[in-house]
Amino acid sequence: MKNKGKFGKKKAIIIAFILFVSLGVRIGNADASAATASTKASEQDMEEIRTNENEPIKLESTQDIETEDSKEAGMGNTSVMQVHFLDVGQALSVLVMDGQGNELLYDAGNEGDAEFICSYLDELGIDRLEYVVNSHPHEDHIGGMDRVLETFEVEQVFLSTKEYDSKAYEDVMHALEEGHVEAIYPKAGTRYNLGKLEIQVLGPLGSDYVNTNDYSVILKIKNANQSVLLVGDSEAISEHELVEAGVDLQADVFQVSHHGSSTSNTIQYLSKINPNYAVISVGADNRYGHPDATILDRLRNMGIFTYETDLDGTIVMTLDESRIFVETFEGVARGMLSEDVGVDYDEKNGKEEQEAADLQAVEPQVKRTGRKIGSPVVITELDKNAEFVVIKNVSSEAVELGGWQLISVAGSQTFDFPEGSMIEANQLLKITSHKANGSGDFIMANVYVWNNDTSDPAQLIDDEGVEVDFFQD
C-alpha cells in the first residue's frame with residue numbers, strides 16, 4: 001500500500017499549484033508571471049512566478065490538461081517537460097515529468113530524505129514511476145531509494161555499474177530482489193522513451209575509474225526542442241572523456257555536478273553544455289564548502305543563471321519546447337519532513353577511495369589566499385599536453401596584468417606577468433611553454449611546465465597576492 005505523506009493542506013496546495021503553473025493554467029486571481037529563456041538567461045530576463053497562497057486550488061488530473069490560456073501559450077500539443085529539483089539538503093533527488101502521467105526519479109537523497117521524497121511524489125498524485133535511476137551508489141544519492149522502490153510501482157530501475165559496500169546499497173539491492181525487479185545497467189549511447197520525451201544515456205564512457213563518482217550515470221532528457229542534463233557527481237575525468245569523444249552535451253538546464261565541487265564542472269565541459277540555467281543541489285552551511293566559489297564565479301562569468309536548493313528551496317522548471325518557466329518553493333523543503341542527517345559521500349568513502357584520492361591528488365594542497373568575487377580575468381582553457389593556458393578578460397575595461405602570476409600547482413612552475421602587460425576587454429591571451437606546439441602571447445618557461453601524470457590545476461594570482469581563478473584540470 002502506498003505510504004501517505006503529511007504535508008498538510010497548505011503544502012498540498014503549493015504542490016498542486018506547481019502542476020497548474022507548469023501547464024499554463026490561470027487560477028482565479030493569482031498573480032503569476034513567467035520567466036522565459038530562449039537565449040542566455042540574465043536577471044533582467046527573469047521574472048519569478050508568484051501566487052496568492054490563499055486562493056483555493058483543486059487539482060483534478062495531471063493528464064491532458066488544456067485551457068484557453070494554455071492554448072494561447074502554445075502548450076496544447078507540445079511535449080512539456082517538468083523538472084523538480086527537490087530540496088534534499090546535501091544530497092540529490094530530481095523528478096522529471098512529461099505531463100502525461102510518466103515520471104522518472106533520478107537519485108533519492110540520503111536515507112533521512114525518504115519520507116520527504118515519497119510524500120512529495122504522493123502529493124503530486126504519483127503512484128507509479130516509469131524509471132528510477134541511481135546515478136552512483138553513494139549514500140547521498142541512493143539512501144532513500146529502497147523506500148521509493150517499496151512505496152511505488154516502478155517499471156524500470158537504472159543503476160551504475162559500480163557496486164558498493166554500504167548498508168544503503170545493500171538495502172536497494174534487497175528491495176529490488178523483494179520486488180522482483182531486475183536492474184538495468186544502461187550503456188552510453190542507448191535511448192529510452194518517457195512518454196513523448198527521449199532519454200539519452202551519455203555516460204559514463206569508461207569502466208575502470210578509481211573514483212566512484214566517475215561511474216555516475218549521465219542522462220540527457222529531451223522534449224522536441226529543449227533538454228536537461230543530469231550528471232550526478234561525475235568528476236573532471238569523466239567530463240573530459242565526454243568532451244574528447246565529441247558527445248553532444250548541449251542542454252538548456254544543467255544539474256551542476258557534485259554539489260558544485262571544484263573537482264567537477266570544468267570550463268571545457270560547461271562550454272559544451274552551454275546551458276541557460278544551472279541548478280546546484282546543496283545543503284546550507286555544509287562542511288564541504290559546496291558550492292565552491294570558483295564554480296559559482298565560473299557559472300556567473302559564463303552568463304548561466306544559477307539556482308541553489310540551499311537558498312531557493314525546491315526548484316521546479318517547466319520546459320514547453322519554446323520557453324522555460326521557473327518557480328522556487330522555499331517552503332517545500334526537506335526541513336518540513338525529515339531530519340538533516342548530514343551524510344555525504346565524503347564520510348562514506350572507504351579505503352579504496354582514500355587510496356584513489358592519494359593517487360590522483362584530485363584537489364592539490366595549495367595555499368588558498370581568498371578569492372575576488374567576479375574577477376575580471378578568468379582562466380578559460382588549460383591544455384597540459386599542448387602546454388598552454390588561455391585567460392580572458394570578461395569585463396568591459398582593460399586590466400593591467402603586471403605583477404600577476406600564473407602557477408602550475410603540481411608542476412611548481414610560476415610565470416610572472418611583466419610590468420605593463422595589459423589584457424583588453426574581452427581579449428584572450430595564450431600563455432605557452434617553450435616546448436608548446438604553437439606560439440602564444442607569453443612564454444611561461446623554457447621547459448615542459450604541466451604535469452601530465454597527475455592532476456595539475458592552473459592558479460591565477462593578482463598583484464595583491466589574491467587568487468582570482470583556479471582551473472581544475
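Guide: Before we look at any pair of residues, take the term salt bridge, which here stands for a side-chain nitrogen of Lys or Arg within 4 Å of a carboxyl oxygen of Asp or Glu. The model is a predicted one, in which local features need pLDDT of at least 70 and side-chain atom pairs count only at pLDDT 80 or more, while totals for chains, interfaces and linings use all residues. Residues are numbered from 1 along each chain as its sequence is written, and side-chain values use heavy atoms, with hydrogens and water left out.

Visitor: How many salt bridges does a search of the whole structure find, and with which residue does Asp297 form one?

Guide: The search finds seven salt bridges, and Asp297 forms one with Arg300, where the closest N and O atoms are 2.4 Å apart. Both residues belong to helix H9 (residues 293-301), and being three residues apart they are separated by about one helical turn; helices (H or I, at least four residues) and strands (E, at least two) are DSSP runs, numbered from the N terminus.

Visitor: Is Asp297 buried or exposed?

Guide: Buried means under 20% relative accessible area, exposed over 50%, and partly exposed in between, with a 1.4 Å probe and protein chains only. Asp297 is buried at 3%, whereas Arg300 is partly exposed at 45%.

Guide: Salt bridges that share partners also join Arg128, Glu130 and Glu155 into one network. Within it, the side chains of Arg128 and Glu130 meet at 2.5 Å, N to O.

Visitor: Which residues of helix H6 are buried, and where do they lie around the axis of H6?

Guide: In H6, the buried residues are Ala168, Tyr169, Val172, Ala175 and Leu176. Seen down the axis of H6, they fall within an arc of 125°, so they line one face of the helix, the arc being that of the directions from the helix axis to the C-beta atoms. The face turned away from this buried side carries the exposed residues Lys167, Glu177 and Glu178.

Visitor: In what order do the four strands of the open sheet stand?

Guide: Strands of a sheet pair through backbone hydrogen bonds, either parallel or antiparallel. Two strands are taken to pair if DSSP finds at least two bridges between them. Here the order is E19-E18-E23-E24, and the pairing is antiparallel. Strand E19 (413-416) and strand E24 (467-471) stand at the edges, each with a single partner strand, so one side of each is left without a neighbour in the sheet. Four bridges join strand E23 (residues 458-461) to E24, and Ala458 stands opposite Phe471 in E24.
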